[in-house]
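Here is a short briefing on one structure for you to browse. Please have the viewer open as you read.

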Amino acid sequence: MWLDAAVELLGRAGRRGTVRVQGESMRPTLPPGTRVVVDFAPGGPRAGDVLLFRQGGVLVVHRFLAWVRSRGGDLRLRTRGDGAAGLDPPLAPDGIVGRAVAVERDGTWRSLEGAAARTYATLVAAHD
């Protein structure tokens, strides 16, 4: 509950924050320990975006692949870690916490928002 309130305040203020990736599921793109800058007011996700979202009570950093419809007709997001074999369970849009906009590599911050990053992200999403 405190996370929801903090994210809402940060999003309304147009703020960003950093999170550290844990686990192997985004390898090789985001190995464990990688820091990413998260925009907490991300707007609608586009295929290829790296999202921070809630899944089973934990925060996950995975790539958004496509929109799908549930059996009930609701829109859901399909996500997957770049290094994971299977897809995540379909995600309701209100589970999104934010969108990664930069990544730290070798002590240097690199944007995930430019044309080259967008092309890479789109190709990764299309491949899946």
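How many salt bridges does the structure hold? The structure holds seven, where a salt bridge is a side-chain nitrogen of Lys or Arg within 4 Å of a carboxyl oxygen of Asp or Glu. This is a predicted model, in which local features need pLDDT of at least 70 and side-chain atom pairs count only at pLDDT 80 or more, while totals for chains, interfaces and linings use all residues. Residues are numbered from 1 along each chain as its sequence is written, and side-chain values use heavy atoms, with hydrogens and water left out.

**Salt bridges**

- R16 pairs with D39, their closest N and O atoms being 3.9 Å apart.
- R16 lies in strand β1 and D39 in strand β2, so this pair ties together parts that are 23 residues apart in sequence; strands (E, at least two residues) are DSSP runs, numbered from the N terminus.
- R16 is partly exposed at 44% relative accessible area, whereas D39 is buried at 11% (buried is under 20%, exposed over 50%, partly exposed in between, with a 1.4 Å probe and protein chains only).
- D74 and R76 form another salt bridge, at 3.9 Å from N to O.
- Salt bridges that share partners join R16, D39, R99 and E113 into one network.

**Around R27 and P28**

- R27 meets E24 in a salt bridge of 2.5 Å, N to O, and R27 is partly exposed at 38%.
- The peptide bond from R27 to P28 is cis, with omega near 5°.
- P28 sits in the loop between β1 (16–20) and β2 (35–39).

**Backbone at D106**

- D106 is not a glycine, yet has a positive phi of about 50°.
- D106 lies in the loop between β6 (96–105) and β7 (108–111), and counts as exposed at 78% relative accessibility.

Key: Helices (H or I, at least four residues) and strands (E, at least two) are DSSP runs, numbered from the N terminus.
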